[in-house]
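Consider the following model, with its sequence alongside.

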2 protein chains.
Amino acid sequence: MKEAQIYELLSKYEIKHPKYKVFKIDERLEFDTFPCVLKIHTNKISHKTDVGGVETGIPNNRSLNAAKKRILTSLKKNGVVLDENDEFIVEEEIKGFEFFIGGIFDEIFEEVLLFGKGGVLIEIEKDICYIDTKADDEEIKKSIKKTKISKMFPAYRGKNFDMDLVVNEIKKFQRFFENEDIKEFDINPLIYCDNRLIAVDARIKPKKPLKKEFIPKTASLFENKNVAVIGATDKKEKVGYAIAKNALKSNSKIYFVNPRLKKLFNKKVYKTVEELPAIDTAVIAIPSGYVIETITKLIKKGCKNFIVISAGFKEAGNKKSEDILKEMAQKHNINIVGPNCLGIYNSNNNLNLTFAKSKIYKGNIGLISQSGAVLTALLDKASFYKIGFSHIVSMGNMSDFNFANAIQELNTQKSCEIIAIYAEGLQYGKEVLKAVRNSKKPVLLFKAGKSKEAKKAAFSHTGNIAGNYEMITSLLETAGAEIKSSTESLIFNPQFRNVKDITIITNAGGPGTILTDLIIKYKNLKKLDQNTVEKLNEILPPNWSKNNPVDIIGDATSKRYKKALKILSPISDLIFVIVTPQFMTDAENIAKTILNYKNTVAIMLGKDSFKKANKILEKNKKLYFTSLEEAAKIL
Amino acid sequence: MKEAQIYELLSKYEIKHPKYKVFKIDERLEFDTFPCVLKIHTNKISHKTDVGGVETGIPNNRSLNAAKKRILTSLKKNGVVLDENDEFIVEEEIKGFEFFIGGIFDEIFEEVLLFGKGGVLIEIEKDICYIDTKADDEEIKKSIKKTKISKMFPAYRGKNFDMDLVVNEIKKFQRFFENEDIKEFDINPLIYCDNRLIAVDARIKPKKPLKKEFIPKTASLFENKNVAVIGATDKKEKVGYAIAKNALKSNSKIYFVNPRLKKLFNKKVYKTVEELPAIDTAVIAIPSGYVIETITKLIKKGCKNFIVISAGFKEAGNKKSEDILKEMAQKHNINIVGPNCLGIYNSNNNLNLTFAKSKIYKGNIGLISQSGAVLTALLDKASFYKIGFSHIVSMGNMSDFNFANAIQELNTQKSCEIIAIYAEGLQYGKEVLKAVRNSKKPVLLFKAGKSKEAKKAAFSHTGNIAGNYEMITSLLETAGAEIKSSTESLIFNPQFRNVKDITIITNAGGPGTILTDLIIKYKNLKKLDQNTVEKLNEILPPNWSKNNPVDIIGDATSKRYKKALKILSPISDLIFVIVTPQFMTDAENIAKTILNYKNTVAIMLGKDSFKKANKILEKNKKLYFTSLEEAAKIL
């Protein structure tokens with residue numbers, strides 16, 4: 001599409017363009033607004049400036065026709081051969097600040113806008129943000145604020161820049177991109193001038209790719225009154241054994257199915273699925289070849305939820321079977337979790353349908369993980385510190401049940417107060433964004449696969465496209481998710497979310513300084529009021545820091561830690577207690593002291609000298625860290 | 001200084017400026033090069049554009065005088081009152097790419113240049129690098145490459161940008177800034193046009209602040225044949241006891257001084273320093289009030305090296321005594337380390353003059369720390385893993401002996417192969433840069449005090465100005481230091497410096513992906529050759545990743561880990577072995593297997609299930625981590 005056509009197309013959406021006139025190649029040029037710009041009007045060249053196809057600052061019609069000659073000479077020199085379809089376009093010259101707006105059709109998120117600083121340096125500067133076409137005013141503003149040039153709003157160096165005006169223009173582009181059959185577009189510059197935004201140079205790639213249809217779930221994954229474990233076994237080395245054993249403790253009715261077994265854990269074992277009474281949930285841990293027929297039989301019996309533990313699907317090159325699973329789920333409006341997953345947990349029924357070895361405590365976190373291994377690692381840490389979950393879903397290959405479903409589903413569950421997600425690749429991006437936007441519960445997200453190299457690794461193991469890290473996390477963040485930088489923070493952060501500000505007690509200034517650097521991104525340091533400072537003056541040596549971080553000086557023993565904690569604990573949200581192995585440091589007693597104060601997290605900065613002290617903390621399941629960086633991750 | 005004067009000053013250094021002419025306020029303007037620019041020529045306004053004091057693109061003399069009228073009107077409107085000293089300046093209009101160059105006089109580094117992208121958005125974009133005025137061509141290039149716009153070199157969108165030309169111009173500015181009595185300057189834009197750089201707008205703040213004189217050391221701090229411990233004591237709770245005890249094991253001759261003691265550790269104790277035989281080194285651990293007179297007496301006896309452990313100086317508000325220490329050191333050409341420090345260690349003499357509790361192993365790292373606490377924490381970890389040191393210097397308050405001295409000194413020490421520095425604030429920045437530049441040994445540096453809040457914390461505890469983190473680390477990095485992001489990497493990194501590429505063995509894809517993200521900043525992933533892949537094909541399940549990270553699949557037991565290690569260990573520099581607690585994972589056996597392969601670091605991603613396995617690793621002092629982020633820090 002040539003520029004003039006694009007201008008007209010944009011006009012349909014009330015997007016402004018410069019006054020222009022199109023001429024045949026050999027026509028004499030005549031225009032009435034100066035200065036003006038002359039450009040070759042053709043689809044043959046994408047960067048017209050680079051081949052001398054553009055002349056600017058033309059003051060009159062004589063110069064205009066001289067410019068035409070120069071362009072023709074330059075194009076010839078650059079090997080551009082023109083024909084009768086090519087034209088010239090003359091436009092009024094617009095001067096102002098150069099923004100950029102573009103759109104791409106992303107495999108995950110479909111139509112996504114890119115907005116930011118325009119001009120020739122765009123590829124070097126990359127001062128660009130991502131905006132979903134469904135984003136509202138507030139979300140668009142949040143996106144824009146991710147760019148450096150957003151600091152120009154509301155005014156810069158005496159010139160006004162109206163954010164609302166820009167947001168309003170971006171909304172026109174959202175409609176434009178959604179409604180037109182366009183795969184990509186690119187407007188650079190989009191000029192801010194006289195309180196208007198004017199599209200001055202525009203390119204379009206037509207034909208939108210097909211969109212994948214998303215069918216919302218109506219059955220609830222966590223309706224688990226009658227549960228069958230298909231593949232329950234007495235062979236301890238099989239996952240079917242672990243699941244059966246974990247499931248037993250539930251309040252739900254549990255049924256076992258295995259053709260070669262009569263009894264398991266003193267319970268009857270059904271030979272076939274046909275013999276089962278009515279069930280709502282089935283965990284399937286049988287060889288992959290039998291999965292589809294088993295599900296088919298169970299659908300007939302009215303079963304709605306399938307958790308497919310069995311491996312041997314997409315991850316083993318068997319994509320076809322997985323497509324069948326997806327079709328079945330859509331056709332029968334059922335939930336199929338997995339395949340190749342670790343299972344699910346539902347605290348409402350005290351139902352552990354995973355083969356994880358760790359004890360799962362009841363709590364308020366709804367944990368969704370695309371990696372079974374990351375999940376087991378997190379559960380292992382969580383069980384040690386008795387961190388509890390309302391629900392857990394191991395997503396496996398995500399043939400059917402996906403992140404959007406999971407977020408929606410967890411929103412219907414009262415016991416879930418916070419949603420924590422470990423993601424590698426996404427599907428149905430627009431639906432995920434919608435689910436995040438509509439979520440009444442905070443959504444924490446860790447996204448693996450940042451670097452090119454990591455994406456390669458992720459691809460080979462999950463079969464999911466890892467996508468562009470920056471775009472994915474930006475879009476999710478502006479939609480309302482909180483992006484975490486470590487997997488551990490998914491389970492630790494929920495405990496400390498309500499912490500407003502941090503107190504640091506330390507026997508060494510240096511580590512206090514470093515920790516300040518690390519936490520200040522997430523939380524403020526608590527300001528000590530005069531009263532507190534005076535109280536601390538009484539019990540601390542005169543050269544204490546008089547400030548937070550509270551440096552209680554290198555010769556501090558447990559007694560001084562205790563005195564400081566006594567004053568600071570009642571008025572603090574959370575105290576990081578840093579201990580370094582100094583000459584007078586009685587680490588064991590300090591550890592014991594810390595145990596008495598619930599709102600503390602210990603940071604034991606040593607190893608050899610802290611063996612006993614750390615053992616005390618471990619035994620009492622007190623959260624502690626051995627490095628400052630690790631500790632900061634909980635925020 | 002007005003623009004025309006600055007242009008002339010710049011000319012002395014062969015820095016180009018546009019052709020210009022200056023006119024009295026009421027003179028009729030006449031110029032001969034068009035288009036041209038008209039500016040008000042006054043010191044009254046710093047941003048002339050903002051008050052309408054500049055007109056550009058003037059095509060002829062008639063327009064020039066019309067522009068003058070417009071400027072006068074606009075200035076009046078903006079409340080600028082002109083007088084007979086004010087003038088107009090007419091300049092030829094230069095068009096091209098707008099760079100920026102400026103200079104500041106920094107408290108730490110004295111004259112520092114700032115170079116980068118110019119134009120009106122400079123304060124928003126901050127695409128700027130720092131260049132020391134002593135930096136050579138190569139260092140200047142390294143600095144420039146830290147900017148985004150450096151990607152324009154050698155050409156961008158058909159236009160040439162010659163890096164050597166820019167470097168050459170920057171060198172002119174180095175000489176200009178060093179030789180002229182200028183505190184600050186600012187040239188924006190510095191226009192790249194027709195293979196020249198032209199300074200188009202220039203401002204200068206005159207009068208350079210006084211520079212602090214740096215007197216190089218001639219005595220070697222590590223000449224420690226005869227060492228006196230002043231304040232040696234039998235009271236175990238005193239640091240004088242710990243130092244005396246640590247010192248005893250040395251090959252140096254050790255003397256104790258304490259007026260109230262006859263014998264200590266079966267050695268004679270001298271009552272006064274006067275009684276001592278000739279010594280070269282004295283460790284001073286006595287109340288601060290006696291330090292200066294003791295040093296004075298020892299100087300008379302020819303003692304060259306003083307390690308002042310005693311606290312109660314700058315950190316306690318007693319700056320005056322510290323100034324005296326500095327003067328004494330400069331006058332007598334001696335080394336005074338501290339005060340308020342932990343001591344020094346010199347492996348050449350097996351001499352531990354610190355009061356650290358940890359055993360110090362002999363090795364190749366020269367460790368310099370501005371925080372005693374960070375030092376003790378690092379030594380505690382190092383002793384556990386038997387990481388060794390050639391020398392250790394606890395810098396304390398740095399009244400005399402500073403980072404520049406320490407780096408120079410360690411360069412004279414054969415046993416030191418790598419220099420690791422923990423720094424909070426710096427002094428004599430130019431000398432530190434010089435020392436880093438000239439260092440024949442790699443210099444690793446961790447700098448605390450990144451955020452505003454942390455700088456406040458650092459200030460209250462070390463009394464050293466923490467400075468601008470970005471500038472300090474940029475300058476040091478371009479001078480040749482390696483900036484580390486955690487204190488632990490100062491002791492772990494030296495062991496892994498020669499590692500070229502990394503192999504990852506994992507029983508879970510997700511963590512392999514995350515670790516890839518974390519390490520790729522520092523090292524490459526090893527590429528597996530066809531032969532290795534085929535060997536692995538034979539021993540791994542068919543769905544292994546066929547790639548590095550080597551995902552040996554969730555059901556891997558110690559046997560599979562062993563087989564993979566057997567193939568990969570001989571051809572790998574360093575292997576991260578990730579273990580997640582999956583259903584089949586026999587963690588203890590895996591731990592035992594890992595012990596057999598020296599070039600491995602274990603990452604045990606769990607807690608509850610790994611208690612025994614981790615104990616095995618601990619007992620064997622095998623380096624292992626419990627989180628991916630921690631593990632990546634060693635690189």
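Predicted model: local features only at pLDDT ≥ 70, side-chain atom pairs only at ≥ 80, totals over all residues.

The paragraphs that follow take up the interface, the salt bridges, the cavities and some points of backbone geometry.

Contact is made by 86 residues of chain B with 86 residues of chain A. Between them the two chains bury about 6,900 Å², and carbon and sulfur atoms account for 58% of that area. On the side of chain B, the residues that lose the most area to chain A are Ile124(B), Arg157(B) and Phe583(B), which together make up 12% of what that side buries.

Polar interactions also cross this interface. There are 35 residue pairs in polar contact between chain B and chain A, counted with both residues at pLDDT 80 or more. Several helices of chain B each supply at least two residues of the side that touches chain A, among them H3 (122–125), H6 (239–248), H12 (452–462) and H19 (611–619). The largest share comes from H9(B), with eight residues. Sorted by class, the side of chain B that touches chain A comprises 32 nonpolar, 25 polar and 29 charged residues.

Charge pairing is the next topic. Side chains of opposite charge can pair when their charged atoms come close. Eight salt bridges are found across the interface of chain B and chain A. In one salt bridge, the side chain of Arg157(A) meets that of Glu123(B), with an N to O distance of 3.3 Å. Over all chains, the structure holds 86 salt bridges. Within chain A, Asp132(A) and Arg437(A) form a salt bridge through their side chains at 2.8 Å, N to O. Asp132(A) belongs to strand E7 (residues 128–132) and Arg437(A) to helix H11 (residues 429–438) of chain A, so this pair ties together parts that are 305 residues apart in sequence.

What empty space is left inside the model? Rolling a probe the size of a water molecule over the atoms shows where such space is left. In the whole structure, the search finds six cavities of 30 Å³ or more. The largest cavity has a volume of about 120 Å³. It is lined by 14 residues, of which Ile215(A), Lys217(A), Gln330(A), Asp400(A) and Asn405(A) are the closest to its centre. Helix H8 (residues 319–332) of chain A gives the largest share of this lining, three residues. Five residues of the lining are nonpolar, five are polar and four are charged.

The second largest cavity contains about 80 Å³ of space. Its lining is drawn from chain B and includes Phe214(B), Ile215(B), Lys217(B), Gln330(B), Asp400(B), Asn405(B) and Tyr428(B). By class, the lining of the second largest cavity divides into three nonpolar, four polar and three charged residues.

In chain B, a cis peptide bond with omega of about -5° joins Phe34(B) and Pro35(B). Pro35(B) sits in the loop between strand E1 (20–24) and strand E2 (36–41) of chain B. The peptide bond from Gly338(B) to Pro339(B) is cis as well, with omega near -5°. Here the proline, Pro339(B), is in the loop between strand E19 (335–337) and strand E20 (343–346) of chain B. In chain A, Glu14(A) has phi near 65°, a positive value in a residue other than glycine. Glu14(A) lies in the loop between helix H1 (3–11) and strand E1 (20–24) of chain A.

Conventions
Residues numbered from 1 in each chain as written. Chains lettered and ligands numbered in written order. Heavy atoms only, no water. 1 Å grid on protein atoms, 1.4 Å probe; cavity = no way out; pocket = protein on both sides within 12 Å on 5 of 7 lines; lining within 4 Å. Points joined across faces, edges and corners; volume = space filled by probe spheres on them. Helix = DSSP H or I, 4+ residues; strand = E, 2+ residues; numbered from the N terminus. Nonpolar A, V, L, I, M, F, W, Y, C, P; charged D, E, K, R; others polar. Contact = heavy atoms within 4.5 Å. Buried area = accessible area lost by both parts, 1.4 Å probe. Salt bridge = Lys/Arg side-chain N within 4 Å of Asp/Glu carboxyl O. Polar contact = N/O pair within 3.5 Å; in protein donor to acceptor, adjacent residues only side chain to side chain.
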